[in-house]
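Hi,

Here is the structure I said I would pass on.

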Amino acid sequence: MSDMFALAMPWWEFMLRAVVVYVVVLVMVRVAGKRALGQFTPFDMLLLILLGNAVQNALLGQDTSVSGGLLLAATLIVLNFLVGWITTRSPAAERLMEGEPVVLARHGQLLHAVLRRELVSKADFARAMRDAECENVDEVDVALLETNGHITIIPRKPND
């Protein structure tokens with residue numbers, strides 16, 4: 001019973017492992033782009049599950065104790081809180097962590113190269129236009145890929 005709470009390595013090593021894995025995975029997710037975060041598909045669910053499994057050993061090492069798991073969970077929650085706290089107080093940190101919105105269309109012109117670069121399908125763009133009640137790209141003043149992966153359409157005013 002006492003082995004259930006006995007740590008297989010020093011407490012600080014759990015925290016260091018959590019920080020390293022958190023930062024590296026955060027960078028990988030950030031590099032993957034906005035669309036990966038904004039559109040949660042069955043493939044994304046599979047990736048999330050496999051990613052969690054893939055980093056498990058990096059986090060726990062040989063430890064299987066309840067204490068080690070709880071220490072890791074607490075460390076990851078605190079890291080996530082700190083990242084949120086920092087990004088709400090620093091515009092530079094927010095831009096670094098979350099990026100900036102990207103223009104996908106302007107004045108009725110779809111920017112095809114930007115769509116490809118940002119991995120936005122024409123079907124996703126068409127869905128966003130329908131949501132904004134735009135039947136045609138000519139009706140779009142500006143379309144933005146937001147930092148959360150959603151597409152915002154600002155329709156043209158009737159006199160434009």
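**How the strands pair**

Strand β1 (residues 102-106) pairs with β3 in the antiparallel sense, over four bridges. A word on terms: strands are DSSP runs of E with at least two residues, helices are runs of H or I with at least four, and both are numbered from the N terminus. Two strands count as paired if DSSP finds at least two bridges between them.

Before going on, note that this is a predicted model, where local features need pLDDT of at least 70 and side-chain atom pairs count only at pLDDT 80 or more, while totals for chains, interfaces and linings use all residues. Residues are numbered from 1 along each chain as its sequence is written, and side-chain values use heavy atoms, with hydrogens and water left out.

Val102 has Leu145 as its bridge partner in β3, and Val103 has Leu144. Further along, Arg106 stands opposite Val142 in β3. Arg106 also has a bridge partner in β2, namely Gln109. β1 and β2 pair in the antiparallel sense over two bridges, and they form a hairpin with two residues between them. His107 in that turn has a positive phi of about 50 degrees.

On to β4 (residues 151-155): five bridges join this strand to β3, and the two run antiparallel. One of the pairs is Ala143 with Ile153 in β4. β3 and β4 form a hairpin too, with five residues between them, and Gly149 in the turn has a positive phi of about 95 degrees.

Put together, the four strands make an open sheet in the order β2-β1-β3-β4, with antiparallel pairing. β2 (109-110) and β4 are the edge strands, as each pairs on one side only.

**A closer look at β3**

How many residues of β3 are buried? Six of the six are, so β3 is largely enclosed by the rest of the structure. Buried here means under 20% relative accessible area, exposed means over 50%, and partly exposed is in between (1.4 Å probe, protein chains only). Leu145 lies in this strand, which covers residues 140-145, and has a relative accessible area of 0%. Leu145 and Gly84 are 61 residues apart in sequence and 21 Å apart in space, C-alpha to C-alpha.

**The chain as a whole**

The chain has seven helices and four strands. From the N terminus, the elements run α-α-α-α-α-β-β-α-α-β-β.

What about its overall dimensions? The C-alpha trace spans about 75 × 35 × 25 Å along its principal axes. The radius of gyration of the chain is 21 Å, whereas a compact globule of 160 residues would have one near 15 Å. That radius is taken over C-alpha atoms, and the globule rule is 2.2 Å times the number of residues to the power 0.38.

Of the 160 residues, 29% count as buried. Among contacts (heavy atoms within 4.5 Å) with a separation of 6 or more, 63% come from residues 24 or more positions apart.

Lastly, charge: the chain has 14 positive and 17 negative side chains, and the centres of the two sets lie 6 Å apart. Lys and Arg count as positive and Asp and Glu as negative, leaving out His and the chain ends. Each charge is placed at NZ of Lys, CZ of Arg, CG of Asp or CD of Glu.

Cheers
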